[in-house]
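Thanks for sending this one over for a look.

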Amino acid sequence: MIDFNRGNFDRPKKYTNYALAMSSSSDIPRDGWVDRLMPKRIHPYIRLSRFDRPIGTWLLLFPCWWAIAMTSINSAHWYLFALFWVGALLMRGAGCTWNDILDRDIDALVARTRDRPLPAGEITVRNALIWFATQSAVSAVILFSLNSFAVWTGLASLFLVAVYPLAKRYTFWPQLVLGLAFNWGALLGWAAVSGSLTLSAIVLYVGGIFWTLGYDTIYAHQDRIDDPAAGVKSSARALGVVYSKQWLTCFYLIAAALFGTAGYMSGLGWFFWVGLSAATAQLVWQVFKVDLYNPGDCLGKFKSNRLFGWLLLAGIVGGHLN
C-alpha cells in the first residue's frame, strides 16, 4: 500500500545525508547573471518570474511550437514562433508570480523555496500583484493580436492557470492540473495557424499532458520529504520511490505514442519518426538514470526535457520536408 505521509520513502544506507541535502537546497541560483548584472532592486521581480530559471518557459513553449510546426511550416507563419516565445516568457512569469503569491506561507516551510522573494520578505504582496498584472496585461496584448478563435482558445485556459497553485492543497495529482494548463499552448498554437482545432491537435495536447505528468513527478521528488509538513500533495508523494519509475515509464510511453499518433494524422514524413524515436530514447534515459533520492539529479533530469522538446520539434519540421 502506498503511504501518502512518507511517500513510500525507504532510504538506503548510502543516502543517510539525504535530509541534510534537502535542507540546504534552494531553487534560486546565486552569483549568476542576476546578481552580477542586474540592479538589486529588480532582483525580486526577476526571481518571481523565474527569468533566471528558463526551463519552465521552454516547457511551456514547446507544445506551442510543436502545434505551429505540425500545422504548417508556411513562411507566413514563422513570426508566430517569435510571438509565442515572448508570450510564453511572460505567461510563465505571470503564472509563477501568481503561484508565489498564493504559496508564500507554504514556501516558507519548504527548504527549496523558503528564500523565494515573498517568504524571504524581499518584496511585498502588493508589489508582487502589480508585477503579476503588468505581465498579464502584456500577455493579453499578444493574445489579442491573434485570430478570434485563438483568442477564445487562450482565454479558456485562464481558469486552469488560476487554480493550479491551489491544486497541491487538495489532490495528490497537481501534476495533472499542471499538464492541463502547461500544454494548452498546443491548442492555442494550432488555433493561431488554422483558426480551428482538429483531432490531431487534441491528441497532441493529451500527449503533452502525459509528458508533463512524467517530468513534473521527477521534479516533485525534490520536495518529497518537506511536503508533508507543509501540507503539500504531489504525485511524488503518492507514488513514492518504489513505484515512481514504473509510472514514469507508463506516462512517457503513452506520451510518445500520442505524439506519434498526432504526427501520423498530420501526414508527416519519415524524418518525423526519426525525431520521435530520438526524443523517446531521451525519455527512456531519464527514467533509467534518474536518482529519485538525489534532489540535484531530479532537477537535472527535469531540465533535460528541453532536449526532448528540441528533438521532437526537429522531427516535426523535418517531417514536412521529406
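1. The C-alpha trace spans about 55 × 45 × 35 Å along its principal axes.

2. A word on what you are looking at: this is a predicted model, in which local features need pLDDT of at least 70 and side-chain atom pairs count only at pLDDT 80 or more, while totals for chains, interfaces and linings use all residues. Residues are numbered from 1 along each chain as its sequence is written, and side-chain values use heavy atoms, with hydrogens and water left out.

3. The protein chain has 17 helices and 0 strands. Both are DSSP runs numbered from the N terminus, with helices being H or I of at least four residues and strands E of at least two. Buried residues make up 52% of the 322; here buried means under 20% relative accessible area, exposed means over 50%, and partly exposed lies in between (1.4 Å probe, protein chains only). Among contacts with a separation of 6 or more, 75% link residues 24 or more positions apart, where contact means heavy atoms within 4.5 Å.

4. How do helix 4 and helix 5 lie relative to each other? The axes of helix 4 (residues 55–71) and helix 5 (residues 79–102) come within 9 Å and cross at roughly 150°, and the two helices are therefore roughly antiparallel. Axes are lines fitted to C-alpha atoms, for helices over the stretch in contact, and angles run from 0 to 180 degrees between N-to-C directions. Angles under 35 degrees count as roughly parallel, over 145 as roughly antiparallel, 65 to 115 as roughly perpendicular and the rest as oblique.

5. Staying with that pair, helix 4 contributes Gly56, Thr57, Leu60, Leu61, Cys64, Trp65, Ile68 and Ala69, which meet Leu80, Phe81, Phe84, Trp85, Ala88, Leu89, Met91 and Arg92 of helix 5. By class, the contact of helix 4 with helix 5 has 13 nonpolar, 2 polar and 1 charged residues. Ala, Val, Leu, Ile, Met, Phe, Trp, Tyr, Cys and Pro count as nonpolar, Asp, Glu, Lys and Arg as charged, and the others, Gly among them, as polar.

6. Do have a look at helix 15 (residues 270–289) and helix 17 (residues 305–320), whose axes come within 6 Å and cross at roughly 170°. This pair is therefore roughly antiparallel. Residues in the contact include Phe271, Phe272, Gly275 and Leu276 from helix 15, along with Leu307, Phe308, Leu311 and Leu312 from helix 17. The contact of helix 15 with helix 17 divides into 12 nonpolar, 8 polar and no charged residues.

7. Helix 12 (residues 199–220) and helix 16 (residues 295–303) have axes that come within 8 Å and cross at roughly 160°, so they too are roughly antiparallel to each other. Tyr215, Asp216, Ile218 and Tyr219 of helix 12 make the contact with Cys298, Leu299, Lys301 and Phe302 of helix 16. The classes in this contact are 6 nonpolar, no polar and 2 charged.

8. Helix 11 (residues 184–194) is largely enclosed by the rest of the structure, because 10 of its 11 residues are buried. Among the buried ones are Trp184, Leu187, Leu188 and Trp190. Glycine 195 follows helix 11 and has a positive phi, near 70°.

9. Serine 139 sits in helix 7 (residues 125–143) and is buried at 6% relative accessible area; leaving aside residues up to four places away in sequence, serine 139 touches Gly87, Leu90 and Met91. Threonine 113, in the loop between helix 6 (104–107) and helix 7, counts as buried at 3% relative accessibility. With that same exclusion of residues up to four places away, threonine 113 touches Asp27, Asp107 and Pro119.

10. Phi of arginine 50 is positive, near 60°. Most residues other than glycine have a negative phi. Arginine 50 is also buried, at 7% relative accessibility.
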